[in-house]
Amino acid sequence: MDATILIVEDEQNINDILVYTFAKEGYKTLSATDGVKGLEMALNENPDLILLDIMLPGMDGYDVCKKVREKSNVPIIMLTAREDEVDKVLGLEFGADDYITKPYSVRELTARVKANLRRSLFAASELKNEDRAPGDVNTIVSGDLTINTERYEVTKKGKVIDITLREFDLLKFLAMQPDKIFSREKLLENVWGYEYYGDVRTVDVTVRRLREKIEDDPSMPKYIITKRGVGYYFNK
């Protein structure tokens, strides 16, 4: 595989294991053991995915994630402590695509990495495809919002909105099936692509971030609607 994974983990033994694991899987690997170096490599080496620990010397994972998001939509998987529920939520709030809690199995982490890379690399390949005629472009229009499903682009009143790939996938999934209500569990299964074992807060945080970007008033949404006690749907 040509994909490059940046591993930012301060515990050297864990860092070494992750480098070995993903190199063995055929990925190119880069590694850093502090936040400052990790941020530098994230911005200068253009990795295809970042595995980012939260507790880092120099600069914590939250700040690294936030600063990377100002420049790039590269997939970021946060490595969090199991007992700290707040870690998971904050990581998503700062723009992480995914998280996995320690201790984790190598098999689960590898599956998460592959799932995120597949989605990201597929989107990149679609953007490079310039052989389509103009009429072939698929768009979903709702009010001031336009979702271009082939260019992975969302515009509001003609202005491009900067959203992560995960946020786009969630918006696209809901918008392609307007007025159909999906439970959080079903959204996890279809958008994230694997089981989260009931950790549905991931969906709530991603919906909140999306609303902040596409809604005129996130507290009174008109596109992504909550069906209390059930889930979410797209109001077209």
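The axes of helices α7 and α8 come within 9 Å and cross at roughly 75 degrees. That makes α7 roughly perpendicular to α8, a label for angles of 65 to 115 degrees, with under 35 counted as roughly parallel, over 145 as roughly antiparallel and the rest as oblique. Axes here are lines fitted to C-alpha atoms, for helices over the stretch in contact, and angles run from 0 to 180 degrees between N-to-C directions. Helices (H or I, at least four residues) and strands (E, at least two) are DSSP runs, numbered from the N terminus.

All of this comes from a predicted model, where local features need pLDDT of at least 70 and side-chain atom pairs count only at pLDDT 80 or more, while totals for chains, interfaces and linings use all residues. Residues are numbered from 1 along each chain as its sequence is written, and side-chain values use heavy atoms, with hydrogens and water left out.

Back at the crossing, Arg184, Leu187, Leu188 and Trp192 on the α7 side meet Thr202, Val203, Asp204 and Thr206 of α8, a contact being heavy atoms within 4.5 Å. The buried residues of α7 (residues 184–192) are Arg184, Leu187, Leu188, Val191 and Trp192; buried means under 20% relative accessible area, exposed over 50%, and partly exposed in between (1.4 Å probe, protein chains only). Seen down the axis of α7, these buried residues fall within an arc of 105 degrees, so they line one face of the helix; the arc is that of the directions from the helix axis to the C-beta atoms. Just after α7 comes Gly193, with a positive phi of about 90 degrees.

Helix α8 (residues 201–214) also lies across β11 and β12, running at about 140 degrees to β11. Those strands belong to an open, antiparallel sheet of 3 strands in the order β10-β12-β11. Its edge strands, β10 (182–183) and β11 (224–227), each pair on one side only; two strands pair if DSSP finds at least two bridges between them. Strand β10 is joined to β12 (residues 231–234) by 2 bridges, and Ser183 has Gly231 as its bridge partner in β12.

Zooming out, the protein chain has 8 helices and 12 strands, and 50% of its 236 residues are buried. Confidence averages a pLDDT of 87, with 87% of the residues scoring at least 70; pLDDT is the predictor's confidence in each residue, from 0 to 100. Over residues 130–136 pLDDT stays under 50, and the model has 3 contacts beyond four places in sequence for them. Where pLDDT is low, the predicted coordinates should not be read in detail.
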